Structures are given as C-alpha cells and as structure tokens.
Amino acid sequence: MRIAIMGAGGVGGCLGGLLAKAGNDVSLIARGEHLEAIRANGLKIIRPDGEFIVKVDATNDPAEVGPVDLILYTVKTFHNRSVITTLKPLMGADTSIISLQNGVESHELLGSVLGPSNILPGAYWASAHVQTPGVISEDVLSKISFGEIEVTGSLRALDIRKVFRDAGIEADISTDPVQVLWQKFIVHSSLAGVTSAAQTRAGELLQFPDARKMFLDAMEEALAVGIARGINLSENLTQESLEWIDTLPDFQVSMHGDFEAGRVTELDALSGAVIRLGKQIGVKTPVHSFFYSVLLPHKDGRAV
Amino acid sequence: MKIAIMGAGGIGGCYGALLAQAGADVTLIARGAHLAAIQQKGIKLIQQDSDFTVKVTANDDPSQVGPVDLVIFAVKTYQNAEAIPFIKPLVADDSTVLTIQNGVTSAEEIGREYGDERVLPGSAYVISNIDSPGVVRQRSFPARVAFGEFNGELSKRATLIQEAFSDAGIEAELSEDINRALWLKALYNSPANGLASAARLAPKDLIESAEGASQFKLAIQEVADVATAFGVPMGEEDVQGANDLITKRPMGARGSMQVDVDAGRRLELEAMVGSIGQIGRKVNVPTPIFDVLYTVLLPHINGNSQND
C-alpha cells in the first residue's frame, strides 16, 4: 500500500517505520534535523522487543510525494491550521485518511477541508518519542483503533487493518470510532490536566487521595460533556479508567512533558476542548477551567 | 523592653535590624550560617539606596536568652509545631508573643500553648528576604505591621509595642479589629500565592489573562465567603480591594510561597491555602478553587529533597 505519514514524530515515525519494514511504499513527511537524519541514515526504531533501521523516503513537501492510498495524520494538534491544506497533493480519487491525533475534533476539521467521507477517525495508545533526530523510541507497543464514521463493514477499513497487522501493529476496527476517541479523550485530557497543573508524574500524583479525586472529577466533567453531546459513553468509564491507570507503570503524560520542557503544548485540544465543547452545550467544566487558567500562560512555551 | 525575634529570616530579620538600629534591646533567634554571620559581623539590612549593619545579640538556644517582654514570632508557619514549644524559655508570666506570620490561625496555635492572654495576633506587610548569611534585603518601604488584642482593647502593652515599632521607623497599626485585618490580608495573599504558585507565574501576569482574572475573582470570593461565615464580614469593597492590590503589584513580583515553589523549598501551603478549605468546611462554605489549589500543590509541600 502507498502510505504517507504526515508528522513522523514519535507515533507517526514508529508506525511509518514498521509499515516500511513490512514492504509498504511509505513516505514520511518531516522537517529539520529529523528529516535530514532520516534521509542520511534511515529511520531507527527502538522498541521494547528490539530495534531496527529502515530506509524510507522522507520529504518536507507533500507535493513531491503525490497521491497515496492512505495518509496517517499524526502531527500535533497545534499544527493543524498550517498543515491541513498542505495535504491536498497527497489526495487521489480513493485516498483514505486516518486521523491519529489527541482530542476529539480532528476528524471533523480534516473532513471539512478534505471531504468527510475520506476520513476514518482513529485513536492510538502509545508512548513514543523522538529520542534524537532520526531515532524513535517506543516504550509501550502502540495500538490503534479506527473505523468509518457511518459505514459498517467497509472494505477499505479491512484492507488497512490487514496492512497494519501484517506490519506487526495491533489494530482494531471500531464500529463507533468517535466513541473510542472520546473514551481516550476523557482519560487523557484529565490526566494531562491534573499532572501538568500539579507538575508531578502520574504514578506519584495518583498516590495522593485529593489528586485521585480531582482526576476523577475532571473525567466526570469530560464524560458529562460527551454524554450531553450524544456520544455513547458508559458512566463506569471514569472509575474503570482510574483502576486501569493504577495498573500501568509510572509514566509521564506527553503534555506534562511538553510543559516541563517549555515546549508548545496541546492544551487547546485537551482541557481547552473540554471547556469549549461543554460551553456549546451548557455543561459546566470548573476543574478543566482551572487547569486551563493556570496552564494557559505557558501553553505556547514557558512564559517568563 | 526586652525583645526576642523568633525566626530572623527575611521578615523577622528586617524588623529585628530596624529595632536594633533604633537602640532596642533585641535578640535574634536564628540558626546555621545565618546565625554565625550575625554573631560575627552583626546583621546587615540593605534598603533602597542605603544599607546599615548593626551589632545585635543572636542565639539558637532560647534557654540562653531567658524571659523577654516581647517575642516577635516570625518563623514560617510550617515550623509552628516545633517552634512554638521551642520558645518556652523566652515566655514568662508577663511576656507577650506577637505573631506576624502568614495566615489566620497562628495566634490561636500559640494561644493553645501559652494562653490567649499572652498572644497578640498580627500581620507583617513588607517584602524582604535573606540575601546571604547575615544580610537581609528589604524590598518594600516602609516596613509595616498591624496587630492588636484578640478583644480589640487598646491595651497598655499593645501601645508600648506600637511605640517601639514607631521609634524604629516601622509603621505600626494598633488595630481594634485585628481579626478583620488578618482576613483582609488573607483575602489577597491566599489567592495571589495559591494561584501564582500553581501557575508558576507572578500574580499580576496571571491576572492579566481573562482566564486568570476569572480564577482570581472566584478565589477571592471564596475567601470572603469563608471569612463572612466565620464571623468576619467581608463586603464587595473588600473583594474589590483585594483584586486591586493584586492588579497593582509590580509586574513580575512573586508571592513568597511562589518564590518557595520555584526554588523547590518547603511551602506554607497549610497557612496560605489549606486553612481556607479547613475553615470553610467548619462553617459549611464550599471552597472548590482552594481545594484544587491545595490538590495540585500538595505534592510540592515539602519541596525537592535536594533542597532540604
């Protein structure tokens, strides 16, 4: 399959590397030192179960790639405004786009520019980052869930799943991918908010009873927003998610890492989106509003 | 009047140096390198464009000092549990302990140990910090202090203490309603320190964003509601006044707890933030903002271990 990876960072780079190694015709779209390193030395992927280097096409200009069968859209959400229109040269008659961003708004945004029927919303669970230019380190084997918004039993979804699975990527087709996006969003936005506001890693923070309650309260808020918007979500999600997080080894949520390093963050796609989507439908979100206010000054890099 | 300053740090050291310079009989209770420097060279106070060094008695052992007329209690509130019993040798039947600490609960804590009749609640209004051992830098002028009797009486001892402060150039307000004065300070001090510490941004910079301003409004109102239910009525003007004080702070000026959080030091989180929620629960006033502030700052209450 001819595949373009828009945003070859931690998640995109890892998926692209695995897909290329399995023999797909992959083009990575990247920038700067990372791009130069991939061109010069290939892409190195370090996984819990081993590492490999793969030669793969890489460019910073989608027009050089031309139409593909599948685009994996993995840039950070704050790049959307400048990036989405640059995807047009990648679009052919039958191009599918899987959006694999944080938040719950990307598939609609992509659909409004590139046609809703081309978009398959997707969610990923991963912990991967660019270790040095050209080198991606994956701490937890990534898992993808994606699907059609309306159609069921779509052939293209089955084809794409086979390509993922043949590359050793755990992939599921969801009949309600938007529900899956929300399930991840509720947990992720709340954990990103509470750990960033407390400037404390998840494992340590969740040993404090007050912080556990705050994490639950934040998830309840986001859940209430989702339910009010008609998403099919279970009331048990919050408690179950907390119990699931407790089983994980200590980790740092990416947004907390971004705040700590003084980088641009996805605050607007996370707590910002909970507040925005709640306001539209009259659901109050005081905990996320608190996260947002104390984090806002540093959202685009550390304020002085 | 024989005076001991318990805790000769930024605040206590500033008042102590000013009192000693004016000729008062002052002993500083301090520790470590700061104590050694003071014993060797006296205490140096750097002011706007001048500085002075004054010889002053200093000790880390109250039993070597013995009873005094006035103890000015100026340690960080998280040291109360150890520092209150520690000053016992300084406190005789006719001694007075004046607390000028942050928060609204210290006078009560000291009263439980030595009897309310020996305690004067008070509040410091000065920005001052230790520059280096033996050297204190005063950053706001003039140094001010407010204090009074629990019952509001303008007592003989309170008047004498006011005179001692005034003689040293410290603006001293003898308050007939010191509880109100303490809560008025908490009304801006707790939101400013709590929110700025959580946001790692100076209060004035934070209040300039619409989101920050709305959190400040909610936080100040929470303190006002708690104070009112606690029997210290706070009106709209008081709330506006607290807001104005934060808005008028010099750009970039950090609150003391924010300085501590930035430096990875121990925090006065209980006195600044936790106490608002605790008193709120006693008087059935919800404090959602202070609860979340407490939650996100609690992991940092003891600072980073490498700075202990």
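How many residues of chain A are in contact with chain B, and how many of chain B with chain A? In this predicted model, 18 residues of chain A are in contact with 18 residues of chain B. On the side of chain A that touches chain B, the elements that give two or more residues are helix 7 (177-198), helix 8 (202-205), helix 9 (209-228) and helix 13 (286-295) of chain A. Of these, helix 13 of chain A supplies the largest share, six residues. When the residues on this side of chain A are sorted by class, 14 are nonpolar, two are polar and two are charged.

Where the two domains meet, the contact takes 13 residues from domain 1 of chain A and 14 residues from domain 2 of chain A. On the side of domain 1 that touches domain 2, strand 8 (residues 119-132) of chain A gives the most, with three residues. By class, that side of domain 1 of chain A has five nonpolar, six polar and two charged residues.

Turning to chain B, four of its strands form an open sheet in the order 4-3-10-9, and their pairing is mixed. Strand 4 (51-54) and strand 9 (128-132) of chain B stand at the edges of this sheet, and because each has a single partner strand, one side of each is left without a neighbour in the sheet. From one strand to the next, the twist averages 25°. Strands of a sheet pair through backbone hydrogen bonds, in either a parallel or an antiparallel sense. For strand 9 and strand 10 (residues 135-138) of chain B the sense is antiparallel, and the pairing runs over four bridges. Within chain B, B:Ser128 stands opposite B:Gln138, which belongs to strand 10.

B:Asp167 lies in helix 5 (residues 156-167) of chain B. Is B:Asp167 buried, exposed or partly exposed? B:Asp167 has 14 C-beta neighbours inside 10 Å and therefore counts as partly exposed, given that a buried residue needs 20 or more such neighbours and an exposed one has 12 or fewer. As for its position relative to another part of the chain, B:Asp167 and B:Leu98 are 69 residues apart along the chain, and their C-alpha atoms are separated by 17 Å.

Definitions and conventions:
Residues numbered from 1 in each chain as written. Chains lettered and ligands numbered in written order. Predicted model: local features only at pLDDT ≥ 70, side-chain atom pairs only at ≥ 80, totals over all residues. Pairing = 2+ DSSP bridges. Axes fitted to C-alpha atoms, helices over the stretch in contact; angles between N-to-C directions. Contact = placed C-beta atoms within 7 Å. Nonpolar A, V, L, I, M, F, W, Y, C, P; charged D, E, K, R; others polar.
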